[in-house]
Amino acid sequence: MAKAYRGWRLAAHIVLGLFSLSCILPFILMFMASITDDNAIVNDGYSFFPSKFSFGAYEYLFQASDLILRAYGVTVLVTVVGTAASLLMTSLLAYPLSRKDLPGGKIMAFIVFFTLLFNGGLVPTYMVYTQVFHIQNTLWAQIVPWLLMNGFNVLLMRSFFINTIPAAVIESASIDGAGEFTIYRRMILPLSLPILATIGLFQALAFWNDWNNGLVFVNDPNVLNLQNVLNQIMSNIDFLSMNSNMGTGEALSNMPRETFRMAIAVIGVVPILLAYPFFQRYFVKGLTIGAVKG
Amino acid sequence: MHTKAKAIPKRRIHLRRFVPLYIMMLPGIVYLVINNYLPMFGLAMAFKDVNFAKGIWNSDWVGIKNFTYLFATSDAFIITRNTLLYNAVFIVLGLGIAIAIAILLNEIRHKLAQRFYQSVIILPHLISIILVSYLVYALLSPETGLLNKTVLPMLGLEPISWYLEPKYWPYILTLVHIWKGAGYSCIVFLAAMIGIDREYYEAAEIDGASKWMQIRKITLPMITPIITMLALLAVGRIFYSDFGLFYQVPMNSGSLYSTTNVIDTYVFRGLMQLGNIGMSAAAGFYQSVVGFVLVLGSNYIVRKFNKENALF
């Protein structure tokens with residue numbers, strides 16, 4: 001019997017090992033490609049074992065650092081502001097909804113819930129934001145549409161409040177003369193740090209990784225975030241030279257195009273890979289909270 | 001406060017207590033109205049001939065003309081077929097593979113190894129689809145990709161123009177979808193499996209049940225609720241697709257549309273690139289309404305069998 005189990009365990013290690021490899025290898029290929037000599041790429045293609053190394057692609061990236069740093073700036077700003085605003089709005093809506101005694105609470109909860117079932121889709125949303133609110137080509141466009149708050153997180157947080165903060169505690173604070181805003185700030189927020197951290201992490205990732213808003217609402221290169229710049233370069237490798245101090249002419253004709261693509265992708269992926277070990281545990285925990293009943 | 005309270009009818013004091021709570025809710029509700037409810041009313045655009053000069057709300061009503069145009073093209077059939085087939089494959093294969101991986105992961109008793117595998121297989125879930133499309137490009141690039149330059153020559157095969165040949169894309173997109181998503185669903189299933197009481201397995205071992213038997217008779221039945229829930233969520237969204245997967249990964253290549261165009265990409269291209277707002281709005285309306293019916297329908301079916309597994 002024990003032998004049979006050992007077989008299972010071995011099979012498990014083999015399958016998971018292979019799957020893990022498939023998850024890691026593309027990143028390694030990308031990195032190796034980015035430090036390969038451009039002529040070597042023309043002969044051998046992207047390879048795990050380049051015949052000749054070169055940091056040429058990164059030197060070119062450095063020349064365009066104004067655009068890249070700007071894009072990084074937009075990403076960081078949008079992620080920080082967006083996540084903070086999102087947590088504030090989500091918790092401010094979720095707390096009253098968690099109160100059983102709130103008149104009209106059921107209707108409000110339904111208004112939130114219904115947004116999960118039905119939506120207008122791209123065309124009307126685009127029209128509302130561009131024709132009514134005129135947010136195209138502003139930083140608002142990177143923060144507000146679709147991303148700022150969603151009904152699912154509101155309901156998730158509401159059920160956390162209901163399940164972990166007893167109504168009696170809130171009632172006694174209220175009897176002691178605490179106003180609703182004081183209760184929210186002094187009791188609700190400190191008691192709900194786990195859910196705030198989880199939702200905050202997911203929101204931050206959503207803002208960091210978002211490219212959709214930039215694609216739909218932004219043409220101005222100054223408001224593009226990192227993902228948008230990556231997106232532009234994918235379809236048009238000259239985007240960078242056209243929109244930065246890199247200059248044209250000689251510099252451009254010598255640009256190591258194929259390695260350059262990979263170098264900029266490396267620049268895009270490194271922050272996530274570096275931060276991952278630190279938030280990994282919360283992330284795994286958060287995945288299960290999110291999925292197991294909202 | 002007390003003396004004042006006596007003068008006002010009881011019900012109004014009662015309500016006044018809640019004013020701060022309503023104020024708190026205001027920003028969130030306003031946002032939902034702007035971001036979710038206004039666009040729902042905007043769906044009416046599907047019945048208009050949108051004219052920016054006249055403004056959207058003043059554009060002429062044209063009845064169902066946009067829909068007759070849409071369904072007269074072959075696009076309507078292709079995008080519906082692609083959306084449904086891809087989703088069907090994604091649901092079956094995606095869940096199946098995630099369950100299999102979760103079962104294997106659950107077999108690994110070495111905590112550190114388990115944690116390592118777990119962390120690595122969610123890695124693809126963390127990065128944006130833009131970066132995924134770069135990774136795919138490193139493999140598939142016609143002149144420099146790993147497949148054309150290294151793998152295919154090793155096998156003695158001719159290079160393939162991946163971004164021009166639609167027939168490969170159903171496999172590529174399915175692989176990419178599973179690669180990106182399996183880790184995520186796997187973690188969810190694993191969490192459910194860890195919650196299963198070890199005593200069931202101990203009892204089964206004493207009775208001489210094989211590992212395979214234990215999986216079939218204990219593990220799978222115990223995680224059925226969560227499988228149902230994830231499947232139900234996915235079936236409810238079968239009319240929607242991951243826009244990034246179908247738009248970014250094939251690099252918006254026109255020759256691939258027959259196998260990569262789905263409703264979401266069709267609506268996007270119609271609106272942003274072709275300026276065909278009427279048809280785009282009609283396709284979006286079609287998606288919203290059918291999608292809504294499917295969510296309600298799938299939930300209704302699950303409710304009939306097992307109330308606890310239903311979403312609402």
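Helices (H or I, at least four residues) and strands (E, at least two) are DSSP runs, numbered from the N terminus. On that basis, chain A holds 16 helices and zero strands. The model is predicted: local features need pLDDT of at least 70, side-chain atom pairs count only at pLDDT 80 or more, and totals for chains, interfaces and linings use all residues. Residues are numbered from 1 along each chain as its sequence is written, while chains are lettered from A and ligands numbered from 1 in the order in which they are written.

Confidence comes from the predictor. The complex receives an ipTM of 0.91 and a pTM of 0.91. The pLDDT is the predictor's confidence in each residue, from 0 to 100. For chain B its mean is 90, and 95% of the residues reach 70 or more. Where pLDDT is low, the predicted coordinates should not be read in detail.

Chain A has a radius of gyration of 25 Å, whereas a compact globule of 294 residues would have one near 19 Å. This radius is taken over C-alpha atoms, and the globule rule is 2.2 Å times the number of residues to the power 0.38. Along the principal axes, the C-alpha atoms of chain A fill a box of roughly 75 × 70 × 35 Å. Of the 294 residues in chain A, 40% are buried. A residue is buried if 20 or more other C-beta atoms lie within 10 Å of its own, exposed if 12 or fewer, and partly exposed in between, with C-beta atoms placed from the backbone. Two residues are in contact if their C-beta atoms, placed from the backbone, lie within 7 Å. Among contacts in chain A between residues at least 6 apart in sequence, 72% join residues at least 24 apart.

The contact between the chains takes 79 residues from chain A and 68 residues from chain B. On the side of chain B that touches chain A, elements giving two or more residues include α3 (19-42), α5 (75-107), α9 (169-194) and α15 (277-305) of chain B. The largest share, 16 residues, comes from α3(B). This side of chain B divides into 48 nonpolar, 17 polar and three charged residues. Ala, Val, Leu, Ile, Met, Phe, Trp, Tyr, Cys and Pro count as nonpolar, Asp, Glu, Lys and Arg as charged, and the others, Gly among them, as polar.

Chain B is divided into domain 1 (1-36) and domain 2 (65-309), with bounds from an automatic or database domain assignment. Their centres, taken over C-alpha atoms, are separated by 45 Å. B:Met154 lies in helix α8 of chain B. B:Met154 counts as exposed because it has 8 C-beta neighbours inside 10 Å.
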